[in-house]
Amino acid sequence: MNVVMNMISGAKGLTSLEGRIAVVDARHQIHTLHNVWWRDNCPCATCRHPLTRERLLFSAGIPADLRAVTASRNDDGSLYVTWADREGPHESRYSVAWLDEHGQDAFPAPLVPYGSTLWSAAEFELKRVPWRDLMQDDEALLAWSDAMIADGVAAITGTPGEHAEVERVAERLAHVRETAYDRLHEVRSEPDPYNVANTDVELMTHTDMPNYAQPPGVQLLHFIENAATGGETTLADGFAVARDIAQDSPEAFKVLCETPVSFRMTSQKADIVGTSRLVTLDSQGSIEMVRFSNQLMQPVRLPGSELTAFYDAYREYSRRMVSSDYVVRFRSEPGTVVTTHNHRVLHGRQAFDAMSGPRHLQLSYLDFDDVLSRRRILLEGRKAG
Ligand SMILES: [Fe+2]
């Protein structure tokens, strides 16, 4: 037996197994983790820099058969372990807060990421946050990020119709993600467009820039003027589409997750080509990203024998992505910034009559990592306050 048996009954208990330490959480679930994992994550000031919290311990130097000499729970609930390190005994203390955050082994991940509420067209409800609140009140910013995590979309209302206001909003939410195109994208009908967005034709629901290895995580679409007839905003939850295909047609879902597909976007100053999958799963098997852009997809390179299966899957995927079962349609009034999680929610617009009135939008992008970062900092601040 590697670890001293020390069973405490009830919540926050502890037990021991050969080469592993198990803790019981408040919901009485047992999490059994390997000694090397515990030792690697020792929070002490020798193993982690006390200020930066970066790891100082060299993980690969931990012997695979590391022995724990003692393991016990202190009265305050923290876990105390002594190790038989090669260089001599080492002590690790894991606080209750640390155990709550990290001391869990992975249960089978859900197909849909934690915290997200997938929606069909019938279930859609657009959450709105006033621009005035968002720009000065951190609680409003948290409400916006709550909506982005849950629904993948939110609207900011009452935004001043000034040039580049969308950039100021972007900087409030996170940092502008610059791409090879302009930092601030102008969308209006133009005589010589590089992109179908800058015409007045219908724009089928799509995700932006699937040609990037990491497409921008959030799109901000600021309606400065919208007096033209038509041009309603369309949105669809791509995760809902992917989940439904996984349930209804597992074979098609597999094809979408495995087939390499290329997208290409060009302008006078950029030519970006990227190959990825239409549906990307994370390392746990949860849906991480969908890509869909009928207009930017390139010829698929596959053995001829696989093309039928690919097109069967792609047909099902594409039809759902533009279907009224999934796509919602509404008019975005001037002053609205529609924000979408671009790895999940598709956007588009209906055709409009460019002669009937001005229609002018400005776009900016963020990375979702930065959105989550700002959220974590604000939540920490709320806890500390
Ligand atoms: Fe777009």
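Start by selecting β7 together with β8 (residues 153-157): three bridges join these two strands, which run parallel. Strands here are DSSP E runs of at least two residues and helices are H or I runs of at least four, numbered from the N terminus; two strands pair if DSSP finds at least two bridges between them. Now pick V129, and you'll find I156 of β8 opposite.

A note before moving on: this is a predicted model, where local features need pLDDT of at least 70, side-chain atom pairs count only at pLDDT 80 or more, and totals for chains, interfaces and linings use all residues. Residue numbers start from 1 along each chain as its sequence is written.

Next, bring up the whole sheet. It is open, six-stranded and mixed in pairing, in the order β7-β8-β19-β11-β22-β9. At the edges sit β7 (128-130) and β9 (185-187), each pairing on one side only.

Then show helix α5 (residues 165-173), which lies across β8, β11 (218-226), β19 (337-341) and β22 (359-366). Contact means C-beta atoms, placed from the backbone, within 7 Å.

Over to α6 (residues 238-248) and α8 (residues 304-321): their axes come within 10 Å and cross at roughly 140°. Axes are lines fitted to C-alpha atoms, for helices over the stretch in contact, with angles from 0 to 180 degrees between N-to-C directions. To see where they touch, select G238, V241, D244 and I245 in α6, which meet E316, Y317, R320 and M321 in α8.

Last stop, colour by pLDDT, the predictor's confidence in each residue from 0 to 100. The chain averages 90, and 93% of the residues score at least 70. Over residues 1-12, though, the pLDDT is below 50.

Key:
Two residues are in contact if their C-beta atoms, placed from the backbone, lie within 7 Å.
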